[in-house]
Amino acid sequence: MTESIEIRACVLRAPGAVATETVTLHAPGPGQVRVRLAAAGVCHSDLHLADGLLGEGRWPAVIGHEGAGVVDGVGDGVAELAPGDHVVLTMVVPCGSCDACRRGNRTLCEPSGANALAGALADGSTRLTGSGGEPLQHGFGVACFAEAAVVDARAAIPIPAELPLSQAALLGCGVLTGYGAVDHAARVGIGDRVCVIGCGGVGLQAVAAAELAGAAQIIAVDLRADKLDHARRRGATDAVLSSGDDPAAEVRELSGGGVDAALEVVGASATIRLAWDTLRPGGTAVVVGLAPAGVDVALPAIEFLSEKRIIGSYYGSADPALSLRRLVDLASAGRLALEDMVSHRIELEQVPEAFERLRRGEGDRSLIVIDPALAGDGAAQLAGATPAAGHRTPDQVEERT
Ligand SMILES: [Zn+2]
Ligand SMILES: [Zn+2]
């Protein structure tokens, strides 16, 4: 296919300056596909990018990295996808041959990370230009807050057409992050005692993943009682308000001496320390939350004698394509309550409002219903609607993933 198309897209022009524009999307090049987007989730990383917190030089760009849609064009040499295929997008496309990939750290693939940073596709190109003819970056290499996107074919993971695209979109970052942190980073197993700190959209996925993994005890920790109630409905066995006198002591008491794994899904110094303090000797704290640059954490060094561990987790800590296929299977079997993590369904023009909610720490995921007919799952009726039932209001233990 050779033709370019005009699309509406959410463009970042300068820190804090995000608006919907009409831009040109060029035809997919070799090894690339064009995807008509059905829905996209607004992630905290998009806000960080839009606020300029992820560094200079990352605009102008079409933003958005958590999305799903339908392939409507393929470039030369693409054999594995065809027009009509339903796909979920991934922002990490491991090359398979860099040192990180060879070590098995596929989410840390060096060229994939460099391309995401540069807002380019795998061949270093951009397929987007603005109205003045200027090149636009692909935010995180994806650029899915748009009616269509050109991505590397390997960034488009096929999914069954029966899975509503409004649900599939969420798999691409938030769900992958929450499940992967439990499965691949914390390696939660049958009978484990687990603590999840921060029960927003991704934290709830971590709770649900811990239940699926067979955890005997799942202690949810949050500043808000309503979020704790929500966590209980998703499988938490116990709940602790982090505003209490000594939440770490409460968790240790509830778990009979500390948890095997603590997942921090906030990205703040105090909650990372809290995760450490809830551990039993030999337990593992996993930091999933994305802390702003400059945040430090202090730990009592003598406690390394007790062989506690603290590790990071990025984007599920495993091969994203493989993880997504497993999540698609679980979602198709009805074993992931994906709709639970959506608090607002919005239109493309409402991304700035979704960012405002994130800045206030309000709600869970905002889902952009880009094409209601494609998105399916009742999204058409709800597109543009204000908060879904049971949405949550501002809180301080906000999520940054
Ligand atoms: Zn994300
Ligand atoms: Zn690599």
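Is Cys173 buried or exposed? Cys173 is buried, at a relative accessible area of 3%. Buried means under 20% relative accessible area, exposed over 50%, and partly exposed in between (1.4 Å probe, protein chains only).

## Basis

This is a predicted model, where local features need pLDDT of at least 70, side-chain atom pairs count only at pLDDT 80 or more, and totals for chains, interfaces and linings use all residues. Residues are numbered from 1 along each chain as its sequence is written, chains are lettered from A and ligands numbered from 1 in the order written, and side-chain values use heavy atoms, without hydrogens and water.

## Zinc ion, ligand 1

Cys43 (SG), His65 (NE2) and Cys173 (SG) coordinate the zinc ion (ligand 1) at 2.1 to 2.2 Å. Donors are N, O and S atoms within 2.8 Å of the metal (3.2 Å for Na, K and Ca); water is not among the atoms, so sites may look incomplete. The donor spacing is C-x21-H-x107-C.

Cys43 sits in the loop between strand S3 (32-42) and helix H1 (44-50), and Cys173 in helix H4, 130 residues apart. Helices (H or I, at least four residues) and strands (E, at least two) are DSSP runs, numbered from the N terminus. Cys43 is buried, at 0% relative accessibility.

Cys95 is partly exposed at 32% relative accessibility. Cys109 is buried at 3%.

## Helices H4 and H9

The axes of H4 (residues 165-185) and H9 (residues 320-332) come within 10 Å and cross at roughly 95 degrees. H4 is therefore roughly perpendicular to H9, a label for angles of 65 to 115 degrees. Axes are lines fitted to C-alpha atoms, for helices over the stretch in contact, with angles from 0 to 180 degrees between N-to-C directions.

Among the contacting residues are Leu171 and Tyr179 in H4, and Leu324 and Arg326 in H9. Contact means heavy atoms within 4.5 Å.

## Backbone exceptions

Trp59 and Pro60 are joined by a cis peptide bond, with omega about 0 degrees. Ala143 has a positive phi near 65 degrees and is buried at 2% relative accessibility. Glu307 also has a positive phi, about 60 degrees, but is exposed at 61%.

Note on methods: Parallel < 35°, antiparallel > 145°, perpendicular 65-115°, else oblique.
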